[in-house]
Structure formats: structure tokens, C-alpha cells
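Please examine the sequence and the three-dimensional structure shown below.

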Amino acid sequence: LRHNATADEPARLATAVLSRKQPDVQAFTRALAQLHTSGTAVDWAPWFPVDPAPQPVDLPTYAFQRERYWLTPDPGTPTSASGGHGDGNDTAFWDAVEREDVEALSRTLGSPAEQRPVLGELLPTLSAWLRQDRERSVLASWRYQSAWLRLPEPARPALQGTWLVLAPADGEGADHPVDHPAVRTALRALSEHGAEPLLQSVSTAGPGREALARQLREATAGTAPAGILSLLPLDETAHPGHPELPGGLAATTVLLQALDEAGLDAPLWCLTQGAVAVSATDPLTSPAQAQTWGLGRVAALEHPHRWG
């Protein structure tokens with residue numbers, strides 16, 4: 001379709017409601033949008049349902065104009081420790097604390113006049129706590145959190161077959177695993193539950209994927225492991241080639257690649273110690289090992305059959 005307009009004629013717009021590259025509804029919607037953005041009055045009423053009726057909203061501002069376009073919360077919405085919960089006395093109490101108003105706080109509490117100096121000394125501390133609590137509440141609402149729930153004690157699991165246990169070699173690169181209590185505990189637990197543990201020492205100082213895959217093939221020659229338990233994350237020493245990474249984390253990344261190259265399909269379990277806290281009284285002693293948990297989430301999404 002071609003239209004030749006003379007210089008004194010207004011610009012004309014031609015739009016197609018059908019397209020071989022788009023579904024009919026999508027092409028028709030696109031045509032209406034082109035008419036609307038070109039200034040043509042489009043009757044949108046037949047296009048939208050009557051109830052609820054659509055409401056126009058302003059588009060977000062240009063990013064570099066530094067103008068806020070987030071929805072503004074209702075001023076009456078509780079966002080802090082005062083929260084608006086409870087009766088009017090609670091609200092009056094926290095309002096007085098926020099304003100550091102000794103007179104109002106004294107009236108709310110019904111305190112005698114001789115106690116007002118004590119309230120005056122305590123009020124700045126209460127007000128500071130309230131502000132900090134509000135900030136913590138806002139920050140907490142922006143974060144994702146993992147919650148641990150205690151489950152009933154399961155029945156004693158029964159394992160079968162060979163389990164390949166990978167332990168980090170010591171700092172000098174010897175051929176025996178680090179004498180770590182977790183290694184002995186893991187070997188004993190596997191044996192007590194019916195598995196046959198096969199211990200292998202892996203250097204976390206930088207064996208390549210091919211070298212590690214060759215070691216895994218040689219270690220499992222003639223047997224197909226039912227599972228693989230890696231204690232490599234326990235090594236928190238800096239990787240020689242990448243000092244910003246723990247050696248155990250780097251070795252675990254290489255391990256994920258080497259398992260595919262070695263043709264081992266058994267699920268992989270990684271053991272950490274002190275990497276996460278499951279309760280307020282559980283000490284977080286090894287936050288560096290928590291990086292393995294982050295790696296595990298990615299690995300579980302990309303290789304769901306691989307991550308135990």
C-alpha cells in the first residue's frame with residue numbers, strides 16, 4: 001500500500017491489522033497501539049472489561065532524571081515497632097517516644113511528676129531503638145530469608161553400594177586426606193548405614209578438569225558409585241591462582257565439570273561445617289563455606305540430576 005502525499009497535505013498513517021508474522025490478536029493490538037501513539041482517538045471501551053474498569057497510570061520517568069516513581073505506601077500502614085497495633089494507648093506511647101515528648105509519655109504512662117526526670121533520661125535511648133527497629137524492619141522486608149524448620153526424626157536410612165568420598169588433601173599436597181574430624185565422621189556414618197565408602201584425596205590447589213576426571217575414572221574403575229560425598233568445601237585456604245576464592249569452592253566448581261567428563265551420573269552431596277546458622281543460638285563459624293551453598297543452588301538449577 002503506497003500513498004503519495006503532497007507538501008500541503010498532512011502526514012498519513014497506514015497500519016495493518018493482519019500480519020503473517022504475528023497471531024491475529026497480537027497484530028490487531030499492535031495496530032491499535034500504533035494509531036493511539038500517533039494521536040488517533042481510539043475507543044478502548046470495547047477492548048477492556050467493564051468491571052473492573054482500567055485506570056491509566058503514569059509511565060516510569062527517565063532513569064537519569066533521578067525522579068522517584070515507586071508507589072507511595074499508605075501513611076497509615078504500620079512499618080515499625082509502633083506498628084499501629086493494639087489500642088490507642090500503644091499508639092500514644094510510641095508517638096511520644098518518637099517525638100521524645102516527656103510530658104506526653106508521662107501522661108500516657110500515668111507516671112507521677114517526680115519520675116519525669118528518669119523518663120527524660122531513658123527517652124533518647126527508647127527513641128534511638130525505635131528508629132533502628134524501623135530501619136531493620138524496612139531492610140528485612142527487602143531481603144529473601146531462609147528459614148529452618150525442625151522435622152520429625154526420620155527412620156534410620158539404609159544405604160547400598162559404593163559411595164565415593166572426596167576429601168581435600170593437606171596444605172602440602174600429600175596423597176592422604178586432611179585429618180579432619182568431619183572426614184572420619186562421614187566415613188563412619190556411611191559404613192554404619194550400609195554403604196561402602198571409597199575415600200579419595202583431591203588436591204584443592206588447582207588440578208584441572210581433565211586431571212580430576214582421570215582420577216575419578218581410575219578410582220571408580222569396575223564400580224558404579226551409588227552416591228558421591230564431597231568434603232572439599234571444608235578447605236578454606238586461598239586458591240593459589242585465585243586468592244580471592246577458597247580452595248574448596250574452586251575445587252567444587254572443577255568437580256562439577258569433571259564428573260560429567262568422567263561419565264559419573266551418581267548424585268553429588270557437598271558437606272560444609274559452620275557455613276549456615278539454623279537457629280539464633282547456632283554459631284556461624286565458617287561463612288566462607290557458605291559460598292558453596294550459593295554454587296549449589298546454581299548447580300541444582302542447571303544440573304538437577306547431578307546435585308543431591
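In which hand, left or right, does α6 pass α7 in their crossing? α6 passes α7 in a right-handed crossing; a crossing has this hand if the near helix is turned clockwise from the far one by less than a right angle, and is left-handed if the turn is anticlockwise. Here the helices (H or I, at least four residues) and strands (E, at least two) are DSSP runs, numbered from the N terminus.

Some conventions come first. This is a predicted model, in which local features need pLDDT of at least 70 and side-chain atom pairs count only at pLDDT 80 or more, whereas totals for chains, interfaces and linings use all residues. Residues are numbered from 1 along each chain as its sequence is written, and side-chain values use heavy atoms, with hydrogens and water left out.

The chain contains eight helices and four strands. Along the sequence they follow the pattern α-α-α-α-β-α-β-α-β-α-β-α. Of the 308 residues, 25% count as buried, that is, under 20% relative accessible area with a 1.4 Å probe and protein chains only (exposed is over 50%, partly exposed in between).

The four strands form an open sheet in the order β2-β1-β3-β4, and the pairing is parallel; two strands pair if DSSP finds at least two bridges between them. In general, strands of a sheet pair through backbone hydrogen bonds, either parallel or antiparallel. β2 (196–202) and β4 (268–270) stand at the edges with a single partner strand each, so one side of each is left without a neighbour in the sheet. From one strand to the next, the twist averages 20 degrees. Strand β3 (residues 227–230) and β4 pair in the parallel sense over three bridges, and the bridge partner of Leu229 in β4 is Trp269.

Helices lie across this sheet. Helix α6 (residues 209–219) lies across β1 (162–168) and β2, running at about 150 degrees to β2. Helix α7 lies across β1, β3 and β4, and runs at about 175 degrees to β4. Axes are lines fitted to C-alpha atoms, for helices over the stretch in contact, and angles run from 0 to 180 degrees between N-to-C directions. Contact means heavy atoms within 4.5 Å.

Two packed helices are described by the angle between their axes and the distance between the axes. The axes of α6 and α7 come within 8 Å and cross at roughly 55 degrees. The two helices are therefore oblique to each other; angles under 35 degrees count as roughly parallel, over 145 as roughly antiparallel, 65 to 115 as roughly perpendicular and the rest as oblique. The residues of this contact divide into eight nonpolar, one polar and four charged. Ala, Val, Leu, Ile, Met, Phe, Trp, Tyr, Cys and Pro count as nonpolar, Asp, Glu, Lys and Arg as charged, and the others, Gly among them, as polar.

Helix α7 (residues 247–262) also packs with helix α8 (residues 290–302), at an angle of about 20 degrees and with the axes 10 Å apart. α7 and α8 are therefore roughly parallel to each other. Their contact has four nonpolar, four polar and no charged residues.

A further pair is α3 and helix α4 (residues 116–142), whose axes come within 10 Å and cross at roughly 115 degrees. Ser106 belongs to helix α3 (residues 102–109) and, at 2% relative accessibility, counts as buried. Beyond its neighbours within four places in sequence, Ser106 is in contact with Ser111, Arg116 and Leu119.
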